[in-house]
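Me: I have a structure to study and would like to go through it in short questions. Shall we start?

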Amino acid sequence: MRGGALCTVGDGADVSKRDAGGRQARCDPREDGWVRAAKAGSREAFDALVELHGPSVLRYLEGMCGRGGEGEDLAQETLLQAFRRIGTFATGTDFRAWLLTIAYHTWVHSARKKKPVVGVLQEGLAEIPAPDPPASGTDLEAAVRLVLGTLPEDQRTVVLLRFGEGLSHAEIASLTGAQASTVRWRLFRARQVLQKALKAWRPALEERET
Amino acid sequence: MNCEEIQVLLEGGTSPAEEAVVAEHLGQCAACAQYAARLEEENRVLRKALALPPGAERWQRVKARAAAGADLETFSRTRRRRAYWAVAGVAAAVAFSVTIIIVRRDTGVQTPESLAAHVATLQEEVRSSQVLDELDQLQIVFRETGDADGRSVAEDAELYVERLLALDAQRVDQAREVLAGIKAAGIHKRLLRVRDSISEDAPTPLRASLDLAASTLGKAAYLADSKGRHHGR
């Protein structure tokens, strides 16, 4: 992870590799200045950083908790934690990845306080029938989000961070404290569930491609 | 490597050596080549489904609530800084009382000149410790927590501190009158009673503010007392 990474999105070969997960390109050349000022205690600068990267935090946490769940509360807590800890942020590293790390730990902490996690019946997940008439893109995306909600939490996290937030494997590994190979394995397992659940959608999908 | 191992590697984050193995396998295995092609399209769908921005209304709500939380944090940070001054104020109070005791031991009485000097010192201390600000904050806290008694004591204390600040230290009679009023009201004792009555888990700055105000007014009462001795002798 390094500073300014966001600003390279969409600018050349290195970027296409970096952006394989589909990172939303939100670039503001003032970001480095805001980080320095926020660390020095500027509330305005901190608010500007939140405006820029806060939506990622909410999106990730809503993905983890499901819409209408605790996502909003956890996002609020994450931003507050970031406000408290801004002095410890290492200048030159990726601010958004730092925020998402706090979001991840906030979520883990909140999940720990709840009832013990009972294994999700991944194998038993029913296939989602394809709609008739054939699916629109919006239907498919909604179905993807639906299936995502049934994934075990460690798999859901890596899928959201990879495809929702566009983080690299190394970034996800560092953020979740897992090995890069574990991240890859979790992505693979999640994909198998998605493929199985959305099997009936494939013809429509392929039709759209052609 | 078997096909499943290759398909795991296709998820990405691979080393150059692993990439070479994958490339070689794809060249020989039609099923995995097809799988790899499908992966691209699946990833596009996943990105489209998961990278949508969150609803503007929900985001505005989160932002507003987080900002309100940060405002509160800023407020308590200020109060922590104030608590430092409160500690400094208590230390000054101890030094001040020791001075008075020494003066008394030396002279036995409080002369008009020494009283004027002590009042001026106390006024300076009141200004530098910002005890009036602390009392304002206490009133806000007590109002919010519905503590009518605490609020009334803080309001009275503010009134007496303002009187103390307003008096002309050189006009000894006026000073004596104000000091006697503070002593008669027993306001410093009331402040300490409030401090002792508030919950154990109340924020430390709250207690520190009450201590600071009690210490300031306690010193004023002490000076009034020294006046009494002076007259008594």
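Me: This is a predicted model. At roughly what angle do the axes of helix α3 and helix α4 of chain A cross?
Reply: Two packed helices are described by the angle between their axes and the distance between the axes. Here α3(A) covers residues 43–65 and α4(A) covers residues 71–85. Their axes come within 8 Å, and they cross at roughly 140°.

Me: Which residues of α4(A) meet α3(A)?
Reply: From α3(A) come Phe46(A), Val50(A), Gly54(A), Val57(A), Leu58(A), Leu61(A), Glu62(A) and Cys65(A). By class, the residues of this contact are ten nonpolar, three polar and one charged. On the α4(A) side, the residues are Gly71(A), Leu74(A), Ala75(A), Thr78(A), Leu79(A) and Phe83(A).

Me: How many charged residues are in the contact of α3(A) with α7(A)?
Reply: The axes of α3(A) and α7(A), residues 153–164, come within 10 Å and cross at roughly 145°. This crossing is right-handed. Arg59(A), Tyr60(A), Gly63(A) and Met64(A) of α3(A) face Arg156(A), Thr157(A), Leu160(A), Leu161(A) and Gly164(A) of α7(A) in the contact. Sorted by class, they give four nonpolar, three polar and, as asked, two charged.

Me: How many helices does chain A have?
Reply: From the N terminus on, the elements run α-α-α-α-α-α-α-α-α-α. Chain A has zero strands, and its helices number ten.

Me: What percentage of the residues in chain A are buried?
Reply: A residue counts as buried if 20 or more other C-beta atoms lie within 10 Å of its own. Chain A has 210 residues, and the buried part is 40%.

Me: Is Arg96(A) buried or exposed?
Reply: Arg96(A) lies in helix α5(A), residues 95–113. The cut-off for buried is 20 or more other C-beta atoms within 10 Å. Arg96(A) has 24, so Arg96(A) is buried.

Me: What distance separates the C-alpha atoms of Arg96(A) and Glu165(A)?
Reply: Along the chain, Arg96(A) and Glu165(A) are 69 residues apart.

Me: Which helix of chain B gives the largest share of the side that touches chain A?
Reply: The contact takes 38 residues from chain A and 29 residues from chain B. In chain B, α1 (3–9), α3 (30–50) and α4 (56–107) each supply at least two residues of that side. The largest share is twelve residues, and it comes from α4(B).

Me: Why are the buried residues of α9(B) on the same side?
Reply: The buried residues of α9(B), residues 187–197, are Ile187(B), His188(B), Leu191(B) and Val194(B). They lie on the same side of α9(B) because they cover only a limited arc around the axis, 120°.

Methods:
Residues numbered from 1 in each chain as written. Chains lettered and ligands numbered in written order. Predicted model: local features only at pLDDT ≥ 70, side-chain atom pairs only at ≥ 80, totals over all residues. Contact = placed C-beta atoms within 7 Å. Helix = DSSP H or I, 4+ residues; strand = E, 2+ residues; numbered from the N terminus. Axes fitted to C-alpha atoms, helices over the stretch in contact; angles between N-to-C directions. Nonpolar A, V, L, I, M, F, W, Y, C, P; charged D, E, K, R; others polar. Buried ≥ 20, exposed ≤ 12 C-beta atoms within 10 Å, placed from the backbone. Arc of directions from axis to C-beta. Left-handed = near helix turned anticlockwise from the far one by under 90°.
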